[in-house]
Amino acid sequence: MSFWKGLIDNMANGKEPPTNAPIATLLYYGICSYGLSPAFLYRMIEARRENLEVNQFGTVDELEKYGEETSGSLINLTVETLRSQGDFNNDAYLAASHIGMAQGICTVLRATAFHARRGEVYFPLELIRKFGAKESTIVRGQVTSELKEASKALANVAHAHLKEASQASQKVTGPERIALTQSIPCQRFLARLRKRDYNVLNPRLLRKDGLLPLSLVSRKLFGLL
């Protein structure tokens, strides 16, 4: 992580990266050509560094913060890549941050069954305790009403962020609006989770959403993107 932080420090000061670092070269091009904010790159690096030491999210706030600083930063960089030159739309940044938080939550929900098979639990401890669920039953793959209630509560937080993102994105009319379509996979996953009665251990939730491309194309055709 220190390596990447050092590279971004140099690029932010106008120093070209070494020729044997192709990813850094592309980032430098993005900073120079599209005005990408190094701050978002710093946020992602720092969040990933801190997460290396995290075995389980303690609170929902911690998970939201991680989602905003990783997924949210990446979406914000996409917004900056697509926006018109010199155009700064605060509503696009706001929507991107909320989508990032929703993505972080949906990732934890979707990956619960996968992590459980490995004896790991990333589900926020705060909700596990609040609803009386137990990590021991989760890693054994046992579905309980307590876990379903905790999952529903966490999904509702993601829904709230998507609602905020939707309200903000309605004020975005430029080309950067396409970056905000990253909310759609979250919407579709939450619908699938609700359909399965918030059973996050259902293995079907790990399957790819085969209809997602069709959903995106249809929205584009009907002018909903």
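Which helix holds both Glu69 and Lys65, and how many residues apart are they? The answer is helix H4 (residues 60-82), where the two sit 4 residues apart, about one turn of the helix. Helices here are DSSP runs of H or I with at least four residues, strands are E runs of at least two, and both are numbered from the N terminus.

A quick note before the views. This is a predicted model, in which local features need pLDDT of at least 70 and side-chain atom pairs count only at pLDDT 80 or more, while totals for chains, interfaces and linings use all residues. Residues are numbered from 1 along each chain as its sequence is written, and side-chain values use heavy atoms, with hydrogens and water left out.

**Figure 1. The whole protein, with 11 helices and 0 strands.**
Walk along the sequence and you get the pattern α-α-α-α-α-α-α-α-α-α-α. The C-alpha trace spans about 55 × 45 × 25 Å along its principal axes. For 225 residues, a compact globule would have a radius of gyration near 17 Å, and the protein's 19 Å agrees with that. That radius is taken over C-alpha atoms, and the globule rule is 2.2 Å times the number of residues to the power 0.38. Buried residues account for 43% of the 225; buried means under 20% relative accessible area, exposed means over 50%, and partly exposed is in between (1.4 Å probe, protein chains only). Of the contacts with a separation of 6 or more, 70% come from residues 24 or more positions apart, a contact being heavy atoms within 4.5 Å.

**Figure 2. Surface and charges of the protein.**
The accessible surface comes to about 12300 Å², and carbon and sulfur atoms own 54% of it. These areas come from the Shrake-Rupley method with a 1.4 Å probe; for residues, only the protein chains shown count as cover. There are 29 positive and 22 negative charges, and their mean positions are 10 Å apart. Lys and Arg count as positive and Asp and Glu as negative, with His and the chain ends not counted. Each charge is placed at NZ of Lys, CZ of Arg, CG of Asp or CD of Glu.

**Figure 3. The salt bridge between Glu69 and Lys65 in helix H4.**
Searching the whole structure turns up 6 salt bridges, each defined as a side-chain nitrogen of Lys or Arg within 4 Å of a carboxyl oxygen of Asp or Glu. In this one, the closest N and O atoms are 3.1 Å apart. Glu69 is buried at 16% relative accessible area, whereas Lys65 is partly exposed at 41%.

**Figure 4. Arg83 paired with Glu80.**
Here's another salt bridge, with 3.9 Å between the closest N and O atoms. Arg83 and Glu80 are both buried.

**Figure 5. Asp209 bridged to Arg188.**
The closest N and O atoms of this salt bridge are 2.6 Å apart. Asp209 lies in the loop between helix H10 (183-195) and helix H11 (212-221), and Arg188 in helix H10, so the pair ties together parts that are 21 residues apart in sequence. Arg188 counts as partly exposed, at 23% relative accessibility.

Gly67 is buried, with 0% relative accessibility. Setting aside neighbours within four places in sequence, Gly67 is in contact with Gly72, Gly100, Met101 and Gly104. Ile99 is 32 residues from Gly67 in sequence, and their C-alpha atoms are 8.6 Å apart in space.

**Figure 6. Gln103 in helix H5 (residues 90-110).**
Gln103 counts as buried, at 17% relative accessibility. Leaving out neighbours within four places in sequence, its contacts are Ser71, Ile75, Gln182 and Cys186.

**Figure 7. Asp197 and Tyr198 in the loop between H10 and H11.**
Neither residue is a glycine, yet Asp197 has a positive phi of about 55° and Tyr198 has one of about 60°. Asp197 is partly exposed, with a relative accessible area of 46%, while Tyr198 is buried at 10%.

**Figure 8. Lys220 in helix H11.**
Lys220 is exposed, with a relative accessible area of 55%. Ser169 lies 51 residues away along the chain, with 15 Å between the C-alpha atoms of Lys220 and Ser169.
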